[in-house]
Amino acid sequence: MDTSPHLARSQWMSLLAQSEPDELALAMKELAPPVDAAWLRPAQTGLYMLRGRMGGNGAQFNFGEITVTRCSVQIGERIGHAWVRGTHARHAELAALADALLQDPSLHARLRTELLEPLLRSLQARRDTASRKAAASKVEFFTVVRGD
Amino acid sequence: MLAAFANPVFDSQRTFRELLQAMARPAVPRALPVLPPAPESVAPAAMAILLTLCDAATALWLQQPVGNALEHLRFHTGLRVAQTAKEADFALITAPDAMPSLQSFAQGELRYPDRSTSLIVQVQGFRNEAGVCVAGPGIRDQEMLHIEGLPADFWTQRAALAESFPLGIDMFFVAEQHVLALPRTTRLLEH
Amino acid sequence: MYVAVKGGEQAIARSLELLAEARRGDPAVPELELTQIREQLRLGVARVMQEGSLYDEELAALAIRQAAGDMLEAIFLLRAYRTTLPRFGYTLPLETDGMRVRRRVSGTFKDIPGGQVLGPTADYTQRLLDFDTTPPTATTSAEAPLPAEMPRVLDLLEAEALIEPADADSDPEPLDLTREPLTFPADRATRLQNLARGDEGYLLGLAYSTQRGYAESHPFAGEIRMGEVDVCICPEELGFSIEIGSITVTECQMINQFHGGNGVPPQFTRGYGLSMGEGERKAMSMALVDRALRCDELGETAHAPAQDQEFVLSHSDNVEASGFVQHLKLPHYVDFQAELSLLRTLAKQQAADSGEQPLHAAGGLHA
């Protein structure tokens, strides 16, 4: 994921999907859902077939399925979409709302600082912690030559 | 962009039940329980059937691919678009007087008679009087049936299909909120 | 002969009551919460997801609780549930080289770029039952995180042309076993999908057989990595790809000796395994069986069970296997009566042929 301050739509949609549902809900608490929101496609859980590649980079194969919840909402002229892994309907609804609102130039800057940036910091912090814990179990080989 | 069923799971289940009943009792109109919003060219009753029966594994052929009908259907069902009528699992007929011949749709294969095109035909109306006389499984004795707006040779074409049974075509006719089914098992009786 | 098989409705209802009671156990003991199963039985959850062929920790935890810990039953429950959900589409292929690694080891090279990372593993425990209930000590964190990208160990061999290239010049649409039936011969993509859903114990046994000489296998674990990968889709509504979340997977790249054949020079060949969650044993077994099943393509003589794709793939699915084995306990009264009557006729005939009177006819044993 690109971590530059100016996120393209694909990046903010990815970030909203990768965020913890509880954090997203908290961050969007202040944003009253617009009264004219029309739920074009109410949150619905279905399946995607996961694909892998032989050897990691060879030809594709079907690996197994994954639950995905999708949702689409229209606010004014703007349509917000969301696809999030799992069965969490609220997560998909919030992500779709956020996607629609983020397309509104008059709201975008505010949402970027109040919504996206905290979510991104939190996501990066979680990943950094996990990675540094794993790094602590890195093997340091000692050889006879080194005389240890 | 329009919404579809308000409760996708329950609405499509209720619709499916009615379609099942319609197929089990051919030639008798049944009211569909939910009529979803639909783009201009598509009747809400036809939309209810498509939302219920189509998904990413089915291909649809549109007689008149006008406006945003296709976009709307793909958005809500994920269905595929059939390039020709023969490749279609479902076909939506919006102008029945100009519909292609029944021979141009898939009739299935002897090993898989189910691999045929199911037709959804939007008509002006239908009633159980005058018209043709039909009989077959699910019909007690016989039933009179008149469907408005079909091509002049429609019933001749339909009768000709009987020769290749179990191959054939299953049809739904919709008018207002009603659906009427004509499965391949329903025979036309000579007057 | 007509044999009544109806009835027993009430007995079944009572049996279900007993099952529910047995599942719950002593009501004085608090019921297991799904989060407890998900957090504390994560490897069981991973297995149920992998063989249930559905990545969803919550649903897998629910299945494990409902099945009272019977993993095959839980897998069956998950498989049954997935059929109720609509299929939205196919994801983009998982990019395991972008994995946020938590474990990564190689059995072939000591020094690999990015290093060997043990992560959470039972490999170095002494398998002593631990009666100590004190909470674990806090984990240690390194100063710096691991590098964002870790090159594949096998790429080092590929750079020297010592291993077969991963076939990436063509990218055919793989067959989907959840949509199309298995037919033989099955191509490698189909075999991998079958093995991915296959029973871990069965694949482990087959993999073990290849090591013991029942296939021309001389494997090395080139690389095993476990961690999180992004799941990406490209919906038509958008026209661009997005991440929809991350999942944990374990990937195993086996390296096998190959003496050359079918016009291919001697080189190392690959076997590939991929498993949901932390599923190292499964991924390794899958990789060994994958390699064994490539015998035809590589011109090796197939003589071992693990090289017989019809045998291996037809019996790998534990939902199918358990259904067919366990259906034997259902009423077969009519079939059995037929067998019984056939046997009685044969016995009578044999007795008549040999001129002996059956015992019962002579008023013997038959009371």
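**Figure 1. Salt bridge between Glu57(C) and Arg85(A).** In this predicted model, the side chains of Glu57(C) and Arg85(A) form a salt bridge with an N to O distance of 3.0 Å. The count of salt bridges between chain A and chain C is 7. Polar contacts between these two chains number 32 residue pairs, both residues of a pair being at pLDDT 80 or more.

**Figure 2. Elements of chain A on the side that touches chain C.** Two or more residues of this side come from each of helix H1 (9-18), strand S1 (38-53), strand S2 (60-75), strand S3 (78-85) and helix H4 (105-135) of chain A. S1(A) provides the largest share, with 11 residues. By residue class, the side of chain A that touches chain C comprises 20 nonpolar, 21 polar and 12 charged residues.

**Figure 3. Extent of the interface of chain A with chain C.** In this interface, 53 residues of chain A are in contact with 77 residues of chain C. The area buried between the two chains is about 5,900 Å², and carbon and sulfur atoms account for 60% of this area. Within chain A, the residues that lose the most area to chain C are Arg51(A), Phe63(A) and Arg85(A), which together give 14% of what that side buries. Arg85(A) is also the partner of Glu57(C) in the salt bridge of the opening view.

**Figure 4. Interface of chain B with chain A.** Here 9 residues of chain B are in contact with 10 residues of chain A. About 650 Å² is buried between these chains, with 62% of it from carbon and sulfur atoms. Of the area that chain B buries against chain A, 64% is supplied by Met1(B), Pro8(B) and Phe75(B), more than by any other three residues. The side of chain B that touches chain A consists of 8 nonpolar residues and 1 polar residue, with no charged residue. The count of salt bridges between chain B and chain A is 0, and 1 residue pair is in polar contact, both residues being at pLDDT 80 or more.

**Figure 5. Packing of helices H2(B) and H3(B).** The axes of helix H2 (residues 44-53) and helix H3 (residues 69-77) of chain B come within 9 Å and cross at roughly 40°. This crossing of H2(B) and H3(B) is right-handed. On H2(B), the contact is made by Met47(B), Leu50(B) and Leu51(B), and on H3(B) by His72(B), Leu73(B), His76(B) and Thr77(B). The residues of the contact are 4 nonpolar and 3 polar, with no charged residue.

How values were computed
Residues numbered from 1 in each chain as written. Chains lettered and ligands numbered in written order. Predicted model: local features only at pLDDT ≥ 70, side-chain atom pairs only at ≥ 80, totals over all residues. Heavy atoms only, no water. Contact = heavy atoms within 4.5 Å. Buried area = accessible area lost by both parts, 1.4 Å probe. Salt bridge = Lys/Arg side-chain N within 4 Å of Asp/Glu carboxyl O. Polar contact = N/O pair within 3.5 Å; in protein donor to acceptor, adjacent residues only side chain to side chain. Nonpolar A, V, L, I, M, F, W, Y, C, P; charged D, E, K, R; others polar. Axes fitted to C-alpha atoms, helices over the stretch in contact; angles between N-to-C directions. Helix = DSSP H or I, 4+ residues; strand = E, 2+ residues; numbered from the N terminus. Left-handed = near helix turned anticlockwise from the far one by under 90°.
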